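Good morning, and thank you for making time for this presentation. Please keep the sequence and the structure in view while I speak.

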Amino acid sequence: MTSQDHIDFFWRPGCGFCISRERRLESANIRFKKYNIWESKCDRSFVKLVANSNETISASRIGSTTLVHPSLGQVMKAMADEVPHLVQTK
């Protein structure tokens, strides 16, 4: 488990998947930090590494888990496993 206070969200401008994912994260009140892969060679390389050289989709890093183009359910499951202190309870 990690003590991070957010999940990492890797995105690129003009990406419809990224826009949709960001809206879902916001609507679920998930704290995230955005990394524009077109502004950072390091972040772009990371996404390409985890996405089979593809940089046209979003990725999220949650603790030690990285998800490529995840559903909100997959993000929530990874958060429960990796960073349960970030999961909002009703």
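In strand 3, Ala-59 is the bridge partner of Phe-10. Strands here, like helices, are DSSP runs numbered from the N terminus, with at least two residues of type E for a strand and at least four of type H or I for a helix. This is a predicted model, in which local features need pLDDT of at least 70 and side-chain atom pairs count only at pLDDT 80 or more, while totals for chains, interfaces and linings use all residues. Residues are numbered from 1 along each chain as its sequence is written, and side-chain values use heavy atoms, with hydrogens and water left out.

Let us follow the strand pairing further. Two strands pair if DSSP finds at least two bridges between them. Strand 1, residues 7-11, and strand 3, residues 59-62, run antiparallel and are joined by three bridges. Strand 3 also runs antiparallel to strand 4, residues 65-68, with four bridges between them. Strands 3 and 4 form a hairpin with two residues between them. In the turn, Gly-63 has a positive phi of about 60°.

Ser-60, which has its place in strand 3, is buried, with a relative accessible area of 0%. Contact means heavy atoms within 4.5 Å. Leaving aside neighbours within four places in sequence, Ser-60 is in contact with Asp-8, Phe-9, Thr-65, Thr-66, Leu-67 and Pro-70.

I now turn to helix 2. This helix covers residues 41-50, and its buried residues are Asp-43, Phe-46 and Val-47. Seen down the helix axis, these buried residues fall within an arc of 95°, so they line one face of helix 2. The arc is that of the directions from the helix axis to the C-beta atoms. As a general point, an α-helix has 3.6 residues a turn, so residues three or four places apart point the same way. On the other side of helix 2, Lys-41, Cys-42 and Leu-49 are exposed. What covers the buried residues of the helix includes strand 1, strand 2 (32-36), strand 3 and strand 4.

Val-50 is also found in helix 2. This residue is partly exposed, with a relative accessible area of 29%. Not counting residues up to four places away in sequence, Val-50 touches Thr-66 and Val-68. The C-alpha atoms of Val-50 and Val-68 are separated by 7.3 Å, and the two residues are 18 apart along the chain. Just after helix 2, Asn-52 takes a positive phi of about 50°.

The next topic is the aromatic rings. How many aromatic pairs does a search of the whole structure find? The search finds three. Rings of Phe, Tyr and Trp (its six-membered ring) pair if their centres lie within 6.5 Å; planes under 30 degrees apart count as stacked, over 60 as edge-to-face and the rest as tilted. Phe-10 and Tyr-35 form a stacked pair, 5.0 Å centre to centre with 20° between the planes. That pair links distant parts of the chain, with Phe-10 in strand 1 and Tyr-35 in strand 2, 25 residues apart. The rings of Phe-10 and Phe-46 have their centres 5.0 Å apart and their planes at 40°, so this pair is tilted. Here Phe-10 in strand 1 is linked to Phe-46 in helix 2, 36 residues apart. Both Phe-10 and Tyr-35 are buried, and Phe-46 is buried too.

A charge sits over a ring if NZ of Lys or CZ of Arg is within 6 Å of the ring centre and within 35 degrees of the ring normal. Arg-61 lies over the face of Phe-46, at 4.7 Å from the ring centre. Lys-34 lies over the face of Trp-11, at 4.3 Å from the ring centre.

Finally, the protein as a whole. There are three helices and four strands, and from the N terminus on, the elements run β-α-β-α-β-β-α. Of the 90 residues, 40% count as buried.

Technical notes
Buried means under 20% relative accessible area, exposed over 50%, partly exposed in between (1.4 Å probe, protein chains only).
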